[in-house]
Every structure is written in structure tokens, then in C-alpha cells.
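Okay, everyone, thanks for coming. Let me put the structure up, and then I'll walk you through a few parts of it.

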Amino acid sequence: MEGIKKTTIMDAETMQRTLKRIAHQIIENTDGAKELVFIGIERRGVTIAQRIAGYVKEFEGVDIEIGTLDITFYRDDLSKNSDQPVVNESHFGFNVDGKKIILVDDVLYTGRTARAAMDAIMDTGRPQFIKFAVLVDRGHRELPIRADFVGKNVPTATHEVISVKVTEFDNEESVTICDRKNGD
């Protein structure tokens with residue numbers, strides 16, 4: 001759901017700098033990124049996870065395995081979102097037991113997506129830990145969820161939307177605050 005553009009808070013260069021900073025923070029807080037795996041939440045969380053993993057490799061020479069996670073059926077608001085939800089397949093490519101997981105998403109809002117993602121991960125095994133990285137934390141939590149690595153905290157009104165655009169899906173790179181369309 002995208003509204004009328006209001007304010008650009010990140011351009012392509014700022015996004016790149018922010019993701020590099022998150023990569024450094026992850027390295028500093030996880031003993032040099034050894035034995036880490038990233039799990040990106042479909043869709044843009046996967047792209048962000050891939051980019052951060054690329055920077056970790058650039059800085060540390062460590063290849064990070066990346067899994068993808070579709071949390072559609074784990075959401076507690078599934079019936080409110082759509083009569084016919086689009087479900088993508090989750091691919092970890094690794095066993096989560098004992099892994100140091102960095103869960104990655106584009107925007108943290110109510111905390112419900114993060115909770116659903118953790119439920120989905122825990123249904124497949126028992127990781128050593130799960131830490132959470134987001135590009136933008138916009139506040140308005142409904143659950144006691146916080147991100148361990150945050151690119152930018154952006155206070156928003158509930159009628160606003162954070163729109164993250166990445167080249168892979170949108171042919172541009174930006175983060176904007178938008179007003180909801182009338183009726184949304």
C-alpha cells in the first residue's frame with residue numbers, strides 16, 4: 001500500500017551507507033560474523049539481507065548463507081490482508097539448529113511481522129540466537145519486539161506509510177514517508 005509521496009528520507013547513496021553501517025554493527029556484535037546466517041523476510045528483506053551479506057563479505061571475507069522466509073501463513077492478520085494471499089516459498093538451504101541468525105526486514109512497525117517470522121523459524125529448529133536487523137524502525141509497536149540493528153529510526157504518524165524501493169523490484173532506490181491514500 002503506497003500513498004502520495006511526502007518526504008524522501010533516504011536516496012540510493014544514503015541507503016548504501018546505512019546498509020554498510022548495519023554490516024559493521026553486525027560484525028562488531030557477533031564476533032566477526034563467523035557462523036552467522038541471514039534470513040530475509042520476503043520481499044525487500046531478502047534484498048536487504050543480500051546487500052548486507054555482501055558488505056560483510058567485503059569487510060570480513062566471510063560468506064554469509066542467506067535464507068528467504070515467507071511469513072504469510074504465520075501472520076495473525078491473514079484474513080484481513082487478502083482473500084487470496086500470495087505465498088512465496090521459504091528457502092533456508094541450511095538447518096537452523098544452533099545457528100546464529102540475523103533476521104532481516106525493510107521496515108519495523110507493529111512487530112507482528114517479526115513475531116510471525118520468529119514463529120516460522122522456531123517451527124523448523126532451535127537456533128543459538130535470532131537477532132533482528134531493519135533498514136527503518138518507524139515505531140508504533142503493538143508487541144514487545146525491537147530490532148538489534150537499525151538503519152534509521154523514523155518517527156511517523158499512524159496515517160503515514162514508509163515506502164522502501166529497491167532496484168530489483170522498483171527500478172529505483174529510495175525510502176520515503178507517504179500519506180495513505182484516501183480510503184486505505
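So, helix H1: 18 residues, with 26 Å from the first C-alpha to the last, close to the 26 Å expected at 1.5 Å a residue. That expected span is 1.5 Å times one less than the number of residues. When I say helix, I mean a DSSP run of H or I with at least four residues, a strand is a run of E with at least two, and both are numbered from the N terminus.

Before I go on, this is a predicted model, where local features need pLDDT of at least 70 and side-chain atom pairs count only at pLDDT 80 or more, while totals for chains, interfaces and linings use all residues. Residues are numbered from 1 along each chain as its sequence is written, and side-chain values use heavy atoms, with hydrogens and water left out.

Back to H1, which covers residues 12–29. Asp11 caps its N-terminal end, with a side-chain oxygen 3.3 Å from the backbone nitrogen of Glu13. After H1 comes Asp31, with a positive phi near 55 degrees. Which residues of H1 are buried? They are Met15, Thr18, Leu19, Ile22, Ala23, Ile26 and Ile27. Buried here means under 20% relative accessible area, exposed means over 50%, and partly exposed is in between (1.4 Å probe, protein chains only).

What does H1 lie across? It lies across S2, S4, S5 and S6, and runs at about 150 degrees to S6. Helix H4, residues 112–122, lies across S2, S3, S4 and S5, at about 155 degrees to S4. For those angles, axes are lines fitted to C-alpha atoms, for helices over the stretch in contact, and the angles run from 0 to 180 degrees between N-to-C directions. Contact means heavy atoms within 4.5 Å.

Now the sheet itself. It's open, has five strands with parallel pairing, and the order is S3-S2-S4-S5-S6. S3 and S6 are at the edges with a single partner strand each, so one side of each has no neighbour in the sheet. On average, neighbouring strands are turned by 25 degrees against each other, direction ignored. Two strands pair if DSSP finds at least two bridges between them; S2 and S4 are joined by five. In one of these strands, S4, Leu103 is the bridge partner of Ile39.

Next, the aromatics. Rings of Phe, Tyr and Trp (its six-membered ring) pair if their centres lie within 6.5 Å; planes under 30 degrees apart count as stacked, over 60 as edge-to-face and the rest as tilted. That gives two aromatic pairs. Tyr55 and Phe59 have ring centres 6.3 Å apart and planes at 15 degrees, so they are stacked. They sit four residues apart in helix H2, about one helical turn. Tyr55 is buried at 13%, while Phe59 is partly exposed at 26%. The other pair, Phe92 and Phe94, is stacked too, at 5.9 Å centre to centre and 15 degrees between the planes.

Last stop: Glu173, in the loop between helix H5 and strand S8. Is Glu173 buried or exposed? It counts as buried, at 18% relative accessibility. Its side chain makes polar contacts with the side chains of Arg51 (2.6 Å) and Thr167 (2.6 Å). A polar contact is a pair of N or O atoms within 3.5 Å; within protein, one must be able to donate a hydrogen and the other to accept it, and residues adjacent in sequence count only if both atoms are side-chain atoms.
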